[in-house]
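Me: I would like to learn how to read local features in a structure of this kind. May we go through it step by step?

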Amino acid sequence: MASSNDIKNGTVIKENGQLWSVVEFQHVKPGKGGAFVRTKQKNVLSGKIIDKTYNAGAKIETALVDRRDYQYLYQDGNDFVFMDQADYDQLTVSGTVVGDASKFMLENQQVQIALHEGDPLYVELPPSVVLEVTYTEPGLQGDRSTGGTKSATVETGAEIQVPLFLETGTRVKVDTRTGDYLGRVND
């Protein structure tokens, strides 16, 4: 058991049999009345976000979540196979746990997997990845970087919006959290 004063970003709280990760927190001490902690929490499994307030010093149950480095190996049907970077053990994670992260995962890519009591909770990608555009409509003469966007398919199969001047075969940097185009990569 921990106190609400120990809450920080990334703390995982066990409540009503569910795990909630603290996304934001704020310790508040009003001029009148007792202090409290205001939090924004994300359900680890469903992704639902709620606002929750705790009185200062209230007891909360924290869950031990182990974040480990893995290497993505391959997809096996609906499952994804990862290798632990420390002991080279393989871990199979279902597609529902991987979720939207699969849109931006390439083989041999480094990821972090959060485990609770040996069960994978979610896969965390680096903030951005470099992917090759495999298909997009050809750019036209006069298309500029400030003109607008068009749809493009990257090598993982995900569709993103890119500037009009980009062509098939261009390597681009993509934000893994939002799927936004961040820029062109020149190798």
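Me: In which loop is G33 found? Is G33 buried or exposed?

Reply: Helices (H or I, at least four residues) and strands (E, at least two) are DSSP runs, numbered from the N terminus. G33 belongs to the loop between strand 3 and strand 4. Buried means under 20% relative accessible area, exposed over 50%, and partly exposed in between (1.4 Å probe, protein chains only). G33 has a relative accessible area of 56% and is therefore exposed. Ten residues separate G33 from N43 in sequence, and their C-alpha atoms are 30 Å apart in space.

Me: What should I know about the origin of these values?

Reply: This is a predicted model, in which local features need pLDDT of at least 70, side-chain atom pairs count only at pLDDT 80 or more, and totals for chains, interfaces and linings use all residues. Residues are numbered from 1 along each chain as its sequence is written, and side-chain values use heavy atoms, with hydrogens and water left out.

Me: How many bridges join strand 8 to strand 9?

Reply: Two strands pair if DSSP finds at least two bridges between them. Strand 8 (residues 79–84) and strand 9 run antiparallel and are joined by five bridges; V81 has T92 as its bridge partner in strand 9. The two strands form a hairpin with five residues between them. With a relative accessible area of 59%, Y88 is exposed.

Me: Where is N16 found, and what is its phi?

Reply: N16 is in the loop between strand 2 (12–15) and strand 3. Its phi is near 55 degrees, a positive value in a residue other than glycine. N16 counts as exposed because its relative accessibility is 75%.

Me: Which residues is H116 in contact with, leaving aside its neighbours within four places in sequence?

Reply: Contact means heavy atoms within 4.5 Å. H116, in strand 10 (residues 110–116), is in contact with K14, L19, A63, L64 and L121, once its neighbours within four places in sequence are left aside. H116 counts as buried because its relative accessibility is 12%. A polar atom of its side chain lies 3.0 Å from the backbone oxygen of L64.

Me: Is Q109 buried or exposed?

Reply: Q109, in the loop between helix 1 and strand 10, has a relative accessible area of 12% and is therefore buried. A polar atom of the Q109 side chain lies 2.8 Å from the backbone nitrogen of L106. Not counting residues up to four places away in sequence, Q109 touches several residues, including Y70, F104 and P126.

Me: Which residues lie nearest the centre of the largest pocket?

Reply: On a 1 Å grid over the protein atoms alone, a pocket is an open set of points where a 1.4 Å probe fits, with protein on both sides within 12 Å along at least five of seven lines; lining residues have an atom within 4 Å of a point. The largest pocket is lined by 31 residues, and K42, Y122, V123, E124 and R177 lie nearest its centre. Strand 11 gives the largest share of this lining, four residues.

Note on methods: Polar contact = N/O pair within 3.5 Å; in protein donor to acceptor, adjacent residues only side chain to side chain.
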